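Work through the exercises below with the sequence and the structure at hand. Each task is followed by a solution in steps.

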Amino acid sequence: MSKDILVKAIDVSKKFDAFQALDKVNMEVARGEVACIIGPSGSGKSTFLRCINLLERMDGGAIWVNDELMGYRRDGNNLHELSDAEISRQRRRIGMVFQRFNLFPHKTAVENIFEGPVQVLGENPKEARDHALSLLERVGLADKANHYPSELSGGQQQRVAIARAMGMRPELILFDEPTSALDPELVSEVLDVMRNLASSGMTMIVVTHELGFARNVANTVTFMETGKVVETGPASQVLTTPASARTAEFIRAVHN
């Protein structure tokens with residue numbers, strides 16, 4: 001694998017009972033790129049993200065992150081499932097931001113961010129707290145460090161969730177429709193933070209319906225439907241002159 005490719009997925013498949021959620025999905029994401037995944041609800045976008053960071057086990061195919069096979073160890077032609085501890089180690093390198101913010105309600109904003117680095121990475125508590133405070137400043141919430149989630153707006157909570165993902169110093173951050181649960185007037189503040197993160201060189205895979213963000217920030221856009229990749233390519237090409245009629249139909253529907 002080229003050293004510039006951070007994420008490589010080959011023929012990733014996943015079934016839930018009789019439902020084929022993913023059907024031989026292939027994708028490559030270069031280091032420092034932003035890859036956006038678009039498509040209708042139920043097309044497998046979120047399931048694919050969850051397979052990357054091992055929240056879901058694939059039924060077939062393989063995913064590599066930074067040249068490391070995720071979830072398995074290869075022994076000749078045989079694959080062996082990794083232990084829970086080994087999976088936890090792999091997962092630490094990947095941040096994830098969900099639709100719902102999933103903050104600890106009994107912890108302040110800064111505590112939500114430095115809890116993981118201290119408990120999981122074994123960082124010095126003072127250094128982890130200082131880093132957390134710098135991340136809150138980066139997402140525009142330096143004055144909210146000691147506020148609890150219930151005291152923050154949805155957009156502020158999602159910005160804390162992004163800072164929390166960054167607190168683990170990941171190689172890759174996955175975003176699962178990070179603005180879909182927000183009131184429309186709060187969307188822009190979260191997208192601004194994501195734009196700044198992208199400009200800093202963070203590798204990001206973003207499931208989104210925000211086509212303006214995808215057009216302005218993404219390097220590549222992938223359109224999925226019924227568990228399959230219908231089309232993938234440079235953002236400007238897919239969103240402006242899509243090769244697939246189904247992609248064009250979806251883009252028109254979202255714009256309308």
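**Exercise 1.** Find the ring that has Arg 57 over its face, and give the distance from the ring centre.

Solution. Arg 57 sits over the face of Tyr 72, 5.8 Å from the ring centre. The criterion is NZ of Lys or CZ of Arg within 6 Å of the ring centre and within 35 degrees of the ring normal. The model is a predicted one, in which local features need pLDDT of at least 70 and side-chain atom pairs pLDDT 80 or more, while totals for chains, interfaces and linings use all residues. Residues are numbered from 1 along each chain as its sequence is written, and side-chain values use heavy atoms, without hydrogens and water.

**Exercise 2.** Classify the aromatic pair that a search of the whole structure finds.

Solution. Rings of Phe, Tyr and Trp (its six-membered ring) pair if their centres lie within 6.5 Å; planes under 30 degrees apart are stacked, over 60 edge-to-face, and the rest tilted. The search gives one pair. The ring centres of Phe 223 and Phe 250 are 5.2 Å apart and the planes stand at 40 degrees, so the pair is tilted. Next, place the residues: Phe 223 belongs to strand β11 (residues 220–225) and Phe 250 to helix α9 (residues 245–255), so that the pair links distant parts of the chain, 27 residues apart. Helices (H or I, at least four residues) and strands (E, at least two) are DSSP runs, numbered from the N terminus. Finally, both Phe 223 and Phe 250 are buried (under 20% relative accessible area, 1.4 Å probe, protein chains only).

**Exercise 3.** Describe how strands β1 and β2 are joined.

Solution. Strands β1 (residues 5–16) and β2 (residues 19–30) run antiparallel and are joined by eight bridges; pairing requires at least two DSSP bridges. Ala 9 has Met 27 in β2 as its bridge partner. Two residues lie between the strands of this hairpin, where Asp 17 takes a positive phi near 55 degrees.

**Exercise 4.** Which residues line the largest cavity, and which helix gives the most to the lining?

Solution. On a 1 Å grid over the protein atoms alone, a cavity is a set of points where a 1.4 Å probe fits but cannot get out, and lining residues have an atom within 4 Å of a point. The lining consists of Arg 138, Val 139, Met 166, Val 193, Asn 196 and Leu 197. Helix α6 (residues 184–199) gives the most, with three residues.

Key
Buried < 20%, exposed > 50% of the residue type's maximum accessible area, 1.4 Å probe, protein only. 1 Å grid on protein atoms, 1.4 Å probe; cavity = no way out; pocket = protein on both sides within 12 Å on 5 of 7 lines; lining within 4 Å.
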